[in-house]
Structures are given as structure tokens and as C-alpha cells.
Amino acid sequence: LLDGRSFSDIRELKSHLASHPRQLAKNFLEQLAIYSTGAPVRFSDRKEIEKILDANANTQFRAKDLLLGLIESSIFTGKP
């Protein structure tokens with residue numbers, strides 16, 4: 001991996017990736033934002049993504065909650 005960690009099979013890779021749930025959720029949100037809006041995540045969107053992550057940390061970043069958070073955010077609605 002880019003950080004120097006290595007793995008020997010898919011199980012180890014999954015374990016490495018799962019050890020950083022917030023980073024996985026952030027990437028998921030960014031990809032959803034790109035797919036749903038058709039535009040890249042802008043610098044100004046990063047704060048909104050962090051707010052969504054903070055709001056969903058207690059639910060362990062469930063996909064349903066992240067999706068709802070994105071839909072209700074200014075990233076998706078276009079409202080400031």
C-alpha cells in the first residue's frame with residue numbers, strides 16, 4: 001500500500017482497510033458525491049463531508065445514514 005504496509009491475500013487487505021472506518025466512510029461519501037452530482041468534490045465541499053462524518057460517527061458510519069446525510073447536504077441540494 002502507499003503507506004508501506006503489505007498484505008498477502010484479500011483477507012489481509014480487507015483487515016487493513018477496515019482498520020480506518022472514518023477514512024473508508026469519507027471515500028464512500030466523496031464517491032457518492034461525484035456520482036450523484038456529476039462534479040468533482042470541491043475544496044469547499046470538504047467541510048460539509050466532515051460534518052456528515054462527525055454526525056454519523058456514533059452509528060459507525062452506516063451507509064444509509066451517510067447517504068441521507070449527503071442528500072440533505074448543500075453538496076447535493078446546491079443550497080448554501
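The structure is a predicted model. The protein holds 5 helices and 0 strands, and its pattern along the sequence reads α-α-α-α-α. Of its 80 residues, 24% count as buried.

**Overall form**

- The C-alpha trace of the protein spans about 45 × 25 × 20 Å along its principal axes.
- Lys47 and Ser73 stand 26 residues apart in sequence, and their C-alpha atoms are 11 Å apart in space.
- Lys47 belongs to helix H3, which covers residues 46–56.
- Lys47 counts as exposed because its relative accessibility is 67%, and the cut-off for exposed residues is over 50%.

**Salt bridges**

- The protein has a count of 7 salt bridges.
- One of them joins the side chains of Glu50 and Arg22, with a distance of 2.7 Å from N to O. This pair links distant parts of the chain, with Glu50 in helix H3 and Arg22 in helix H2, 28 residues apart.
- Glu50 also forms a salt bridge with Lys26, and the closest N and O atoms of that pair are 3.8 Å apart. Here too the pair links distant parts of the chain, as Glu50 lies in helix H3 and Lys26 in helix H2, 24 residues apart.
- Glu50 is partly exposed, with a relative accessible area of 28%.
- Arg22 counts as partly exposed at 30% relative accessibility, and Lys26 is likewise partly exposed, with a relative accessible area of 26%.
- A further salt bridge is made by the side chains of Arg62 and Asp65, at 2.9 Å from N to O.
- Arg62 counts as partly exposed at 46% relative accessibility. Asp65, by contrast, is buried because its relative accessible area is 14%, and the cut-off for buried residues is under 20%.

**Largest pocket**

- The largest pocket has a volume of about 170 Å³.
- The lining of this pocket is formed by Leu1, Leu2, Asp3, Arg5, His16, Leu17, His20, Gln23, Leu24 and Asn27. Helix H1 (10–18) and helix H2 (21–37) are the elements that give two or more residues to the lining.
- Helix H2 gives the most to the lining, with 3 residues.
- By type, the lining residues divide into 4 nonpolar, 4 polar and 2 charged.

**Nonpolar surface patch**

- Leu67, Leu68, Ile71 and Phe76 form a nonpolar patch on the surface, and together they have about 320 Å² of accessible area.
- Helix H4, residues 63–71, supplies the largest share of the patch, namely 3 residues.
- Ile71 is located in helix H4.
- Ile71 is partly exposed because its relative accessible area is 36%, a class that lies between the cut-offs of under 20% for buried and over 50% for exposed.

Notes:
Residues are numbered from 1 along each chain as its sequence is written. This is a predicted model: local features need pLDDT of at least 70, side-chain atom pairs count only at pLDDT 80 or more; totals for chains, interfaces and linings use all residues. Side-chain values use heavy atoms; hydrogens and water are left out. On a 1 Å grid over the protein atoms alone, a cavity is a set of points where a 1.4 Å probe fits but cannot get out, and a pocket is an open set with protein on both sides within 12 Å along at least five of seven lines; lining residues have an atom within 4 Å of a point. Grid points are joined across faces, edges and corners, and a volume is the space filled by probe spheres set on the points. Helices (H or I, at least four residues) and strands (E, at least two) are DSSP runs, numbered from the N terminus. Ala, Val, Leu, Ile, Met, Phe, Trp, Tyr, Cys and Pro count as nonpolar, Asp, Glu, Lys and Arg as charged, and the others, Gly among them, as polar. Patches are made of residues with over 30% relative accessible area and no salt bridge: like charges are joined within 9 Å, nonpolar side chains (Val, Leu, Ile, Met, Phe, Trp, Tyr) within 5 Å. Accessible areas come from the Shrake-Rupley method with a 1.4 Å probe; for residues, only the protein chains shown count as cover. A salt bridge is a side-chain nitrogen of Lys or Arg within 4 Å of a carboxyl oxygen of Asp or Glu. Buried means under 20% relative accessible area, exposed over 50%, partly exposed in between (1.4 Å probe, protein chains only).
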